[in-house]
Amino acid sequence: MPPRTQTQNPAPAPNPPEDFALKETSPNLGGDRVTTTFHLVEQMDYLYVRVVKAKELHPKNVNNGGCEPYVEVKLGNYKGVTQNSQNKSNPEWNRVFAFLKDRIQASFVEVNVKDKDSGGDDYIGKLVFELSDVPKRVPPDSPLAPQWYNLENRNGLRVRPELMLAVWMGTQADEAFPEAWHLDAAGAIGEGVANIRSKIYLSPKLWYLRVNVIEAHELQPSDRTRPPEVFVKIALGNVLMRTRISPTKTVNPMWNEDLMFVVAEPFEEQLVLSVEDKVAPNKDAILGKCGIPLLNVEKRTECSCVSSRWYNLEKPSAGGGGGQKIAGRIHMRVSMDGGYHVLDELTQYSSDLRATEKQLCKPGMGVLELGILSAQGLSAMKTRDGRGTTDAYCVAKYGQKWIRTRTIIDSLNPKWNEQYTWEVFDPCTVITIVAFDNCHLHGIKDKGVHDARMGKVRIRLSTLETDRVYTHSYPLIVLHQSGVKKMGEIQLAVRFTCSSLFNMIQTYSLPLLPKMHYLHPLSIFQQDSLRHQATQVISTRLSRAEPPLRREVVEYMLDVGSQMWSMRKSKAHVCRIADVLSGLAKVSQWFDDIRTWKSPFTTTSVHLLCLLLIIHPKLILSTVLLSILLVGLWNYRSRPRHPPHMDARLSKADTATADELGEEFDTFPSSCKGDALRARYDRLRCIAARMQAVVGDLATQGERFHSLLTWRDPRATALFLIVCLVCGVLLLFARMEVVALFAAFYVLRHPRFRVKLPSSPFNFFRRLPTKADSLL
């Protein structure tokens, strides 16, 4: 092993195991409401004030050129303000204010109408409503109709102006809830108000665009004294791909090569193709270009061949006047392949496996309901007024539907109590929920400001029992370069309802992906490249929504960059393999205990069982299947009682060293220099050497089997063939029951009849030659 050039930092002290545990909770779901619209969340009561419009404002305010009437809704120490309405005697606002009942400390709500001019706010009139007299509305009741109210002056006398509004008590099930200005929004200003509301987003519909470049004719290279080295370059948005250089170095080159892109509806871009000649090592000459609108591309759903077309190549005129001339033709086959599922997530975490074309999608088989209740003990992500605080919101994704909860400002224990539903097409899918800290409350447009991640939760639907409500508190775990950290806990309520048990069971017999993935499979390189394109397309489209779902949020949800090398992940995978093989190890240990007569009763029973199975061989398969049945029934007692959650111990995050974390969070290409980079490289060489030894040993064993019949060792092959001849002749006359009985009793013989040296067949096998002798 090469000498270490960097001191290995000790592993950080692991957190107590209970810090990362999943906890079952018992929230009061649904409250005392009659309606079941929000039955997976706790009831939250709000005071709603809808300010619609005003009329016949005071003449002195109307004649004032700077008149800007607005309404102020005041409730104790909290107040909400409408936007100014400039120079109007009959202004309209149509703004809804929502005040959480638990935070109300006043007995009445006051509505003030004011004019904002250059000299200050001019008072017009007010309305006062006692909270005890406010009516309560429970959906599905119709919305409360706004009414006209005469305003009162400071002395309590009625004045001429009137204000139309409605005041009622409701819950988060109210239709006005999503668009209401909440008390929690008091800290947001400007564009930040739009960034705190709950929203639903839809991923764009993605297609695979296949471009089959066949050949080109009648090209016109600038230098006819040398054979042209022609290739095709295709650009779609920010994605640029190229074919290999044509092996036929003529003016009629051929390629017959496929290039694939990811495109999204609506098709806004154009496929730009250029044929170029490599005239020098670092110089390419454009022979011709053409553009293909995506709207004109043929769509296909099956494996049917798309008709090919010839496209004219154009080249700018030599005079630079902007005119175009024909510079040859190119033969291509361009199609939208709707029979694939466009992978935007890792396959093991996928939430949707349907094909792009709707005709190939089967109807839904159930409904997934998610209630995002609250969070407890969140870490302070920023400092405000000299104290730590967090402005938390959650994002959940399943299929094409993304949801974003409202942002709870300035709270380490936020309560959302928002419920969402998705249609389920495959039970073997995963829903992802992530918590973020909102860093855009003030309309900040600085590209360097990003919403901070606070942890992720994944729930596989197939691990849920149907029609059961799961209420658990999930740990929010984030891995930083300094180590693993618990950011708090998030409380969720989940229910998976199946509409057709037969369809769900039938799904387990169907292919995971659409059949095009198996009839015309994509290579691993293509899958990685196309998934990267898909994530970029989705993040670009969702970042253009209003309010935007930002790029850092989308990339974290889609696990962008999670396939990079990590020593911690490698250790975790090794432990997973060891855990999977632990069952075989237990069986091997059990069999070894039988062979060594550790328990004479058990060994004698196995002898009798072997004797019974040899005499009645028809019982062998039934015995094996019944044994598997008994093991499964025995394990039913210890079946999981809760959904899966992020496990810091399984991920080896609590034992990762600082050097390993530094390597995992390093950029690609590496930003590390000097001795640290050399130490990491040397460590990778040591690990690769061990892997190389293991792979070499596996190859050696395979070559020994192969050499039994290839006469690499003539004497060993001849000896093996003689043994095969003798055994074959003997087995012609011997009864199989006797042979099997003799073999079983020989393997289970008592230790006193054994020797500790390796057996003769094993010694013979170890002496066989391999190709390792020929390696340099």
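Rings of Phe, Tyr and Trp (its six-membered ring) pair if their centres lie within 6.5 Å; planes under 30 degrees apart count as stacked, over 60 as edge-to-face and the rest as tilted. This is a predicted model, in which local features need pLDDT of at least 70 and side-chain atom pairs count only at pLDDT 80 or more, while totals for chains, interfaces and linings use all residues. Residues are numbered from 1 along each chain as its sequence is written, and side-chain values use heavy atoms, with hydrogens and water left out.

**View A. An aromatic cluster.** Tyr 46, Tyr 48, Trp 168 and Phe 177 make up one aromatic cluster.

View B. The structure has 10 aromatic pairs. In the pair of Tyr 208 and Tyr 340, the ring centres are 5.6 Å apart and the planes stand at 65°, so the pair is edge-to-face. Tyr 208 belongs to strand S12 (residues 206–217) and Tyr 340 to the loop between strand S20 (324–337) and S21, so the pair ties together parts 132 residues apart in sequence. Helices (H or I, at least four residues) and strands (E, at least two) are DSSP runs, numbered from the N terminus. Tyr 208 counts as buried at 1% relative accessibility, and Tyr 340 counts as buried at 0%. Buried means under 20% relative accessible area, exposed over 50%, and partly exposed in between (1.4 Å probe, protein chains only).

View C. Phe 742 and Tyr 746 form a stacked aromatic pair, 6.3 Å centre to centre with 20° between the planes. Both residues lie in helix H12, 4 residues apart, which is about one turn of the helix. Phe 742 is exposed, with a relative accessible area of 62%, whereas Tyr 746 is partly exposed at 47%.

**View D. The largest nonpolar core.** A nonpolar core is a set of buried Ala, Val, Leu, Ile, Met, Phe, Trp, Tyr and Cys residues joined through side-chain atoms within 4.5 Å. The largest one has 36 residues, and those touching the most other members include Leu 370, Trp 422 and Ile 433. Among the strands giving two or more residues to this core are S21 (366–376), S27 (430–437) and S30 (483–498). S30 gives the most, with 6 residues. Leaving out residues up to four places away in sequence, the contacts (heavy atoms within 4.5 Å) of Ile 433 include Leu 370, Val 395, Ile 459 and Leu 492.
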